[in-house]
Amino acid sequence: MARYEHLPIFKVAFDLAVHIEKIVKNFSRYHKYTIGTELRNQSRAIVEAIIEANSKKDDRRGCLLALREKLEQLKVLARLCHESGGFQSTKAYLYTSEQIVNIAKQNEGWLRMRNTK
């Protein structure tokens, strides 16, 4: 099994998943069990996708392209949550979206690195 804890992309994704777990606890009941559940599931799926991409040697590019799609979906979901009043503060939303963009940039760098090798 490939090691992944040292990867900057993993660290940011894991921190984002923890952040989302904490903020969803404070969502209203309506948002907590609808969009909050989706946010939690997608943030964990991104962490899992990073672990999978790191362990793949043959089809890493495919995993990274799938990760790109998951990040885009999470970005849209976070914005929808913010626009519908799910986030208790704009600060929580901004942190979330900044981290998603950070992960996406690292993913694109990983893709470029894979293309040159």
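Keep in mind as you look around that the model is predicted.

Let us start with the aromatic rings. The model has 4 aromatic pairs. One of them joins Y4 and F10, whose ring centres lie 4.8 Å apart with 65 degrees between the planes, an edge-to-face arrangement. Y4 and F10 are both buried. If you follow the ring pairs from here, you will find that they link Y4, F10 and F14 into a cluster.

Another pair is made by F27 and F87. Here the centres are 5.7 Å apart and the planes stand at 75 degrees; an angle over 60 degrees counts as edge-to-face, so that is what the pair of F27 and F87 is called. To see what this pair does for the layout of the chain, look at where its two members sit. F27 is in the loop between α1 (8-24) and α2 (29-32), while F87 is in the loop between α4 (60-83) and α5 (90-116), so the pair ties together parts that are 60 residues apart in sequence. Both F27 and F87 are buried.

Is A92 buried or exposed? Its relative accessibility is 13%, and buried means under 20%, so A92 counts as buried. Leaving aside residues up to four places away in sequence, A92 touches H19, I23 and F87. The C-alpha atoms of A92 and I20 are 9.1 Å apart, although 72 residues separate the two along the chain.

Now turn to a pair of helices, α3 and α4. Two packed helices are described by the angle between their axes and the distance between the axes. For α3 (residues 35-55) and α4, the axes come within 9 Å and cross at roughly 160 degrees. An angle over 145 degrees counts as roughly antiparallel, and α3 and α4 are therefore roughly antiparallel to each other. The crossing of α3 past α4 is left-handed.

Which residues in α3 and α4 meet? On the α3 side they include I35, L39, I46, I50 and A53, and on the α4 side they include R60, L64, L67, L74 and C81. Sorted by class, the contact of α3 with α4 has 16 nonpolar, 4 polar and 4 charged residues. Among the residues taking part are E38 and E52 from α3 and K70 from α4.

Methods:
Residues are numbered from 1 along each chain as its sequence is written. This is a predicted model: local features need pLDDT of at least 70, side-chain atom pairs count only at pLDDT 80 or more; totals for chains, interfaces and linings use all residues. Side-chain values use heavy atoms; hydrogens and water are left out. Rings of Phe, Tyr and Trp (its six-membered ring) pair if their centres lie within 6.5 Å; planes under 30 degrees apart count as stacked, over 60 as edge-to-face and the rest as tilted. Buried means under 20% relative accessible area, exposed over 50%, partly exposed in between (1.4 Å probe, protein chains only). Helices (H or I, at least four residues) and strands (E, at least two) are DSSP runs, numbered from the N terminus. Axes are lines fitted to C-alpha atoms, for helices over the stretch in contact, and angles run from 0 to 180 degrees between N-to-C directions. Angles under 35 degrees count as roughly parallel, over 145 as roughly antiparallel, 65 to 115 as roughly perpendicular and the rest as oblique. A crossing is left-handed if the near helix is turned anticlockwise from the far one by less than a right angle, and right-handed if clockwise. Contact means heavy atoms within 4.5 Å. Ala, Val, Leu, Ile, Met, Phe, Trp, Tyr, Cys and Pro count as nonpolar, Asp, Glu, Lys and Arg as charged, and the others, Gly among them, as polar.
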